[in-house]
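Here are a few notes to go with your first look at this one. Have the model open while you read.

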Amino acid sequence: MKKYFAIALLFVTMMFMTACGSSSSSEDGGGKTYNLSFSHFWPSHHIVHTDVIEKFKAELEEASDGRITLDLFPLNQLGNADEQFNLVVDGSADMALSVHGYTPGKFPLTSVGDLPFIAKNAEEGSKILQQLYEEFPELQEEHAEVTPLWLFSGEQVQILSAKKPIEKLEDLKGLKVRSPNPLMSEILQALGAVPISMPMNDVYEALNKGVVDAAMAGISAVNDMKLYEVTKHITMVNMAANSMFVVMNTDVYNSMDEADREILLNAIKDKSAETGQALDRASQLGIDKAKEVGITLIELPDDELARWKEAVQPVIDKWIKDMEAKGLPGKEVYERAMELSAQN
């Protein structure tokens, strides 16, 4: 009986892996065909899924006359958000999108994209991050286990407050504020707040129940995750963003014929900027929703914003020092990021 159970279990496991796993390729009369899986953590209604990933799928399939197809697996169907990179490394997914910071320690230099006050919006941040990747071999080495398709920046995070308006630096002192990553926790500490690490999916309940007083989050969450129900004030500080990736399994990439790789490369042109543009549209929808329901939007005056920038400068200095201690060109990369920012 145990033998039959084991055989059945093996069969079910193989069927699951076939349904959810990596690529298949075959030959037909028109040439080699590829059925590729694309995994990510956002829901299927998210703007990056609808406006970028589905468009990418359509472009690939049209340009290849249907020989290259994508099966999309949103909302962590193949693995959690922090597993997406490794899903591609081990071949469980052919392509994946996620946040660099969800794999701690793996992308130290790439985390330059998470530093405060580099970019004003997601499109600008995406262009900067992609350019840095193309210019610095050290960033490329951090992605050596996979074939990066494009890098991009998430939304700039704002301060979403459940009760108290944040109008000056002192207003943050002692407040419990949701943090999306370790670097943002350092930033919040430098600003006088108490960081509480928390995934985005928990923010609604945390704000509603007073577990946190405020949250560092992209303003699209006001609309996408109904945070308008638990937010009274939003400080538009454009603090920082998450660096993000779309990567592909290298063995699968190398298995493609040269002409098919060319189709793929044509399809990913300008995707970094396009993804940033989509996220900026999502931000605007969040702003529109906030105005519609009467949430107070707080813009910091230039002199007040300068105080915030001064407060977080030690975090930037520490990041540069840490990178240099690892033998990485932290100072050069940061200065280049700021140079690119000034050009936009």
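1. How much space lies in the second largest pocket? About 420 Å³. Keep in mind that this is a predicted model. The lining of this pocket takes in 22 residues, and Gly105, Pro108, Ser111, Pro182 and Leu183 are the ones closest to its centre.

2. The largest share is from α12, with five residues. By type, the lining of the second largest pocket splits into eight nonpolar, eight polar and six charged residues.

3. Now turn to the largest pocket, with its volume of about 940 Å³. You'll find 37 residues lining it, and those nearest the centre are Phe41, Trp42, Tyr102, Arg178 and Met200.

4. The lining of the largest pocket gets at least two residues from each of β7 (176–179), β9 (214–218) and α8 (220–224). Its residues come out as 21 nonpolar, twelve polar and four charged.

5. Is Glu124 buried or exposed? Its relative accessible area is 5%, and buried means under 20%, so Glu124 counts as buried.

6. What does Glu124 touch? Leaving out residues up to four places away in sequence, Glu124 touches Ile118, Ala119, Ser341 and Asn344. There is also a polar contact, at 3.0 Å, between the side chains of Glu124 and Lys120.

Note on methods: Residues numbered from 1 in each chain as written. Predicted model: local features only at pLDDT ≥ 70, side-chain atom pairs only at ≥ 80, totals over all residues. Heavy atoms only, no water. 1 Å grid on protein atoms, 1.4 Å probe; cavity = no way out; pocket = protein on both sides within 12 Å on 5 of 7 lines; lining within 4 Å. Points joined across faces, edges and corners; volume = space filled by probe spheres on them. Helix = DSSP H or I, 4+ residues; strand = E, 2+ residues; numbered from the N terminus. Nonpolar A, V, L, I, M, F, W, Y, C, P; charged D, E, K, R; others polar. Buried < 20%, exposed > 50% of the residue type's maximum accessible area, 1.4 Å probe, protein only. Polar contact = N/O pair within 3.5 Å; in protein donor to acceptor, adjacent residues only side chain to side chain. Contact = heavy atoms within 4.5 Å.
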